[in-house]
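Please look at the sequence and the model first.

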Amino acid sequence: MLPCLMPLLLADAAAVPSDPAARFIRLLTVFLLAMWVGFEVITKVPQRLHTPLTSGSNAISGITAVGAIVAAGAVVSSFGSLFGLVALFLAMINVAGGFVVTYRMLQMFNPKKK
Amino acid sequence: MSSQAWINLAYLIASMLFIVAFKLMSGPRTAVRGNFLGAAGMAIALAAALFEAPVQQAIAARGAWPVVLLLLAGGAGAAIGAAMALKYPMTGMPQMVALLNGFGGAASVFVAAAELWNMGTRALQSDQPGMAAFAAAELAPWTQFAIATALTGLIGAVTFWGSLVAFGKLEELPRFKKPWTDPNRHWINLALAALTLLTMAGVCANPNSFLLFLLLVVLGSLLGTTLTLPIGGADMPVVICLLNSYSGLAAAAAGFVIDNSVLVIAGSLVGASGLILTAIMCQAMNRSLVGVLFGGLGTTTVASGDEVYAGKVKSASAEEIAMVLEGADRVVIVPGYGLAVAQAQHAVRELADVLEARGTTVEYAIHPVAGRMPGHMNVLLAEADIPYEKLREMDDINPTFPETDVAIVIGANDVVNPSARNDPQSPIAGMPILDVDKARTVVVVKRSLSPGFAGIPNPLFAADNTLMYFADGKKAVLDLTAAIQKH
């Protein structure tokens with residue numbers, strides 16, 4: 001299933017269609033396929049790992065930081081950059097907090113052999 | 001290959017790493033690697049973002065300043081996040097996750113606001129040198145950009161305020177002790193939702209008005225608050241999962257705003273994950289999502305506790321229970337949230353150690369809603385160094401109860417209530433439960449006969465093979481351990 005997503009994602013790296021509707025449908029395709037991959041992969045996570053799964057996915061939802069960097073960089077207006085910087089600050093709390101706490105939890109599931 | 005193509009390739013690699021990270025979450029050992037790969041994917045995506053045209057143009061125009069600002073803002077956030085993650089106790093995991101979800105949602109709102117502001121001013125300043133590349137006409141209504149911006153603002157605001165309320169409830173702040181039960185709340189929410197949808201349509205139709213967007217964010221904030229306030233403590237696991245899903249969907253919507261597939265992919269993965277966990281939690285509590293969000297628990301009339309318990313409850317002392325445990329070959333411990341509240345995890349482990357030293361097999365039966373978020377009890381027991389292999393899921397351990405000599409229920413109630421299986425009239429009828437009543441002897445450690453979250457009596461307490469041990473969870477376990485050691 002993962003390989004079948006590859007061409008689609010690679011296509012994304014190619015030229016972006018200029019027709020807005022075509023662009024939207026391309027992104028919608030990515031959205032629906034990723035949702036589907038998500039459902040497939042996550043149903044296989046056992047119940048006992050659901051808390052680390054939640055905190056780990058939480059960290060990944062901080063991906064919005066990418067949008068924050070792009071928005072903050074576009075120094076067209078100081079307000080736009082300010083919003084972008086605030087967004088980056090908040091998103092990075094989410095990213096760092098999520099990954100670190102997940103690591104901490106997983107260490108408890110894997111105690112060092114004495 | 002253009003530089004944009006390289007950037008997109010980096011995003012693609014990050015996306016694949018995220019998917020692999022989720023895939024590796026299927027086992028405790030591989031999950032560690034998964035977590036690292038997820039973090040690596042995030043680092044790659046963030047680094048690639050620095051090469052995006054707007055950032056590069058800012059660097060060309062202003063030198064190192066934009067990068068310094070980005071590093072300061074991002075670094076400060078990361079430091080705060082990491083410090084929180086290292087400090088928070090494991091019992092407080094649900095609160096911490098709620099708070100982090102909230103920050104993610106708020107970040108998405110700010111991204112949408114920044115893009116909207118940028119787009120608006122770009123249209124005005126398009127005659128400036130260097131800005132011609134961005135030149136855009138006045139923002140057209142009902143475009144992908146307009147709709148996605150409105151959606152991001154709305155979902156993000158609901159996530160942020162919903163998460164703050166959830167945090168308050170889980171942290172048991174005095175202001176949030178009682179759920180909001182104003183009889184008019186459904187009408188207030190309905191009116192608010194209608195107004196919000198109308199405003200959202202307004203933003204889509206007129207994306208040039210920043211004020212309208214702000215109004216939408218304010219309404220979303222109110223809605224997030226009033227939707228979460230009435231939800232009771234027992235339903236918090238569902239709310240956490242749902243907010244987790246929203247934070248992902250907000251990120252995906254932000255991806256539509258800036259036409260970026262890595263945001264869309266990562267966001268929808270998280271959205272899917274949250275939705276699955278929401279469904280699992282609802283199923284484990286035998287409740288519909290609509291019921292959790294808009295109902296309180298149904299108030300069906302049930303037999304009162306007095307009728308069920310009258311004269312049939314057998315109370316036992318630590319010594320009596322110790323004697324039963326000594327003769328047992330196989331003991332199953334059923335921990336509920338009450339155990340975590342009493343901080344009895346370590347005491348339970350000592351009890352298990354003493355029993356195992358005598359050759360008894362000890363295992364733990366974990367109900368999906370034990371604890372305050374999905375999988376919470378497993379983390380709490382793992383923290384007390386209880387081996388992962390001994391924590392068994394409901395479907396896995398239920399068939400073994402008839403061969404179990406003693407089941408010890410500590411701080412759990414509704415999830416071991418046989419009414420769910422036997423009594424079709426019961427409010428929890430059909431709810432999946434742990435079949436402890438099938439064990440030869442059941443020991444229930446509980447402070448009193450008071451009902452659990454469902455507010456109904458538990459016939460298990462009056463069963464012939466049940467011994468009640470009335471005490472605080474931690475003290476009870478310590479006394480039991482001492483009593484066994486004395487023999």
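## A helix pair in chain B

Helix α6 of chain B crosses α8 of chain B in the right-handed sense; a crossing is left-handed if the near helix is turned anticlockwise from the far one by less than a right angle, and right-handed if clockwise. The axes of α6(B), residues 144-170, and α8(B), residues 210-228, come within 7 Å and cross at roughly 35°. Axes are lines fitted to C-alpha atoms, for helices over the stretch in contact, and angles run from 0 to 180 degrees between N-to-C directions. Residues of α6(B) in this contact include B:Gly153, B:Ala157, B:Phe160 and B:Trp161, and those of α8(B) include B:Phe213, B:Leu216 and B:Gly220. Two residues are in contact if their C-beta atoms, placed from the backbone, lie within 7 Å. By class, the contact of α6(B) with α8(B) has 13 nonpolar, eight polar and no charged residues. Ala, Val, Leu, Ile, Met, Phe, Trp, Tyr, Cys and Pro count as nonpolar, Asp, Glu, Lys and Arg as charged, and the others, Gly among them, as polar.

The model is predicted: local features need pLDDT of at least 70, side-chain atom pairs count only at pLDDT 80 or more, and totals for chains, interfaces and linings use all residues. Residues are numbered from 1 along each chain as its sequence is written, while chains are lettered from A and ligands numbered from 1 in the order in which they are written. Helices (H or I, at least four residues) and strands (E, at least two) are DSSP runs, numbered from the N terminus.

On the α6(B) side the contact is made by B:Ala146, B:Ile147, B:Thr149, B:Ala150 and B:Leu154, which meet B:Thr196, B:Met200, B:Val203 and B:Cys204 of α7(B). Seven of the residues in the contact of α6(B) with α7(B) are nonpolar, two are polar and none is charged.

## The sheet of chain B

Chain B has an open sheet of six strands in the order β3-β2-β1-β4-β5-β6, with parallel pairing; two strands pair if DSSP finds at least two bridges between them. The edges are β3 (391-393) and β6 (466-470) of chain B, each with a single partner strand, so one side of each has no neighbour in the sheet. On average, neighbouring strands are turned by 25° against each other, direction ignored.

Strand β1(B), residues 330-335, has five of its six residues buried. A residue is buried if 20 or more other C-beta atoms lie within 10 Å of its own, exposed if 12 or fewer, and partly exposed in between, with C-beta atoms placed from the backbone. Four bridges join β1(B) to β2(B), residues 361-366, in the parallel sense, and B:Val332 has B:Glu363 as its bridge partner there. Strand β1(B) also runs parallel to β4(B), residues 406-410, over five bridges, where B:Val334 stands opposite B:Val409. Helix α16 of chain B, residues 376-383, lies across β1, β2 and β3 of chain B, at about 145° to β2(B).

## Two domains of chain B

The domain assignment of chain B, from an automatic or database source, gives domain 1 (88-294) and domain 2 (305-486). Their C-alpha centres lie 40 Å apart. The contact takes 17 residues from domain 1 and 15 residues from domain 2. By class, the domain 1 side has 15 nonpolar, two polar and no charged residues.

Helix α12(B), residues 305-309, contains B:Val308. Is B:Val308 buried or partly exposed? B:Val308 counts as partly exposed because it has 19 C-beta neighbours inside 10 Å.

Chain A has five helices and zero strands. Of its 114 residues, 61% count as buried.

In the contact between the chains, 83 residues of chain A meet 107 residues of chain B. Helix α5(A) gives the most to the chain A side, with 28 residues. By class, that side has 55 nonpolar, 23 polar and five charged residues.
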